[in-house]
Amino acid sequence: MIEHLVPRVLAKLLIPFILLFGLYVQFHGDFGPGGGFQAGVIFAAGIILYALIYGLDQARGVISPGLVSVLVALGLLIYAGVGVATLLLGGEFLNYGVLDSHDPVHGQHLGILIIEFGVGMTVAAVMITIFYQFAGRLKITRELESDDDDEDEQADDHADGPVADARGPR
Amino acid sequence: MDWVTIVSGVLVIGGAMLTVVGAYGTLRLPDLYTRLHAASVTDTLATFMILAGLAVPSLFAGEWLITVKLVFILIFLWFTSPIASYSVGHAAFFAAQKPKLDHDLTDGEGDAA
């Protein structure tokens, strides 16, 4: 592997701010341009940049594929859960006004914030999952190609091989 | 027309003209490296001029938040734009993309054209 020194240093400098900007877009979406979809993509872009610079295995160590697939479901659950909660509180599905018993406007603020949080979580997790799957396919293909000519490297790569194999064909 | 508008307009138009020069160089220069040069070098100053042109009116209107955001955008672009150019050039070099030269350096003979 070629040492990408310059992008590595810059990525180390920029990734925290990319993640922070993702959170800003997420929670400032009520008052300015932004929202869950954009924030999720920005947040996932930070993680994907990390994976591109430091390698897929280390990125999987930071955010494991199992956690990501849990987050995909959890974000959707938050979205649907708010809808069901408003149903149980006596309103229509996703009628945020009933969330606060005193002021409907407060309930609408709260509802859209939670909804967008769920959307952002799901979008970020789905983007990261797609990236993991595609990058993992490349790794599997390379392992299959180097199967016959390089046995030592195969032994090294096999430490995380079963994970990639288990997740690959889906 | 007050001078804030004039300064801002001059900066924005100057930045836009630099961008046009960069785009023209990207189209017309012979190989990847010179095109990358045209795109990246002009972009740095063009970005500064356009964002400074946008920052001047907001600064004099007392909109500090907008100015600070523009400065953040400028810093971000000044970091990322050279990195993007570096990455493209690096990848092209390791993909054995040769620069187009007047004389061939690969012979080892130094044949002057």
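The legends below describe close-up views of a predicted model, which scores ipTM 0.71 and pTM 0.75.

View 1. In soluble globular proteins, nonpolar side chains tend to be buried together.

**View 2. The surroundings of Ile42(A)**. Which residues does Ile42(A) contact once its neighbours within four places in sequence are left aside? They are Ile18(A), Phe21(A), Gly22(A) and Val25(A).

**View 3. Leu23(A) in helix H1 of chain A**. Is Leu23(A) buried or exposed, or does it fall in between? Leu23(A) counts as partly exposed because it has 13 C-beta neighbours inside 10 Å, whereas a buried residue needs 20 or more and an exposed one has 12 or fewer. Although Leu23(A) and Gly40(A) are 17 residues apart in sequence, their C-alpha atoms are 8.6 Å apart in space.

**View 4. Chain A as a whole**. Chain A has 7 helices and 0 strands, so that its pattern, read along the sequence, is α-α-α-α-α-α-α. Of its 170 residues, 22% are buried. When contacts between residues at least 6 apart in sequence are considered in chain A, 62% of them join residues at least 24 apart.

**View 5. The contact between chain A and chain B**. Chain A gives 5 residues to this contact and chain B gives 5 residues. On the side of chain A that touches chain B, the residues divide into 5 nonpolar, no polar and no charged.

**View 6. Confidence along chain B**. The pLDDT of chain B averages 87, and 91% of the residues score at least 70. Among the helices named here, confidence is highest in helix H1 (residues 3–28) of chain B, at a mean of 94, and lowest in helix H3 (residues 64–94) of chain B, at 90. Over residues 109–113 of chain B the pLDDT is below 50, and this stretch has 5 contacts in the model beyond near neighbours in sequence. Where pLDDT is low, the predicted coordinates should not be read in detail.

Definitions and conventions: Residues are numbered from 1 along each chain as its sequence is written. Chains are lettered from A and ligands numbered from 1 in the order in which they are written. This is a predicted model: local features need pLDDT of at least 70, side-chain atom pairs count only at pLDDT 80 or more; totals for chains, interfaces and linings use all residues. Two residues are in contact if their C-beta atoms, placed from the backbone, lie within 7 Å. Ala, Val, Leu, Ile, Met, Phe, Trp, Tyr, Cys and Pro count as nonpolar, Asp, Glu, Lys and Arg as charged, and the others, Gly among them, as polar. Helices (H or I, at least four residues) and strands (E, at least two) are DSSP runs, numbered from the N terminus. pLDDT is the predictor's confidence in each residue, from 0 to 100.
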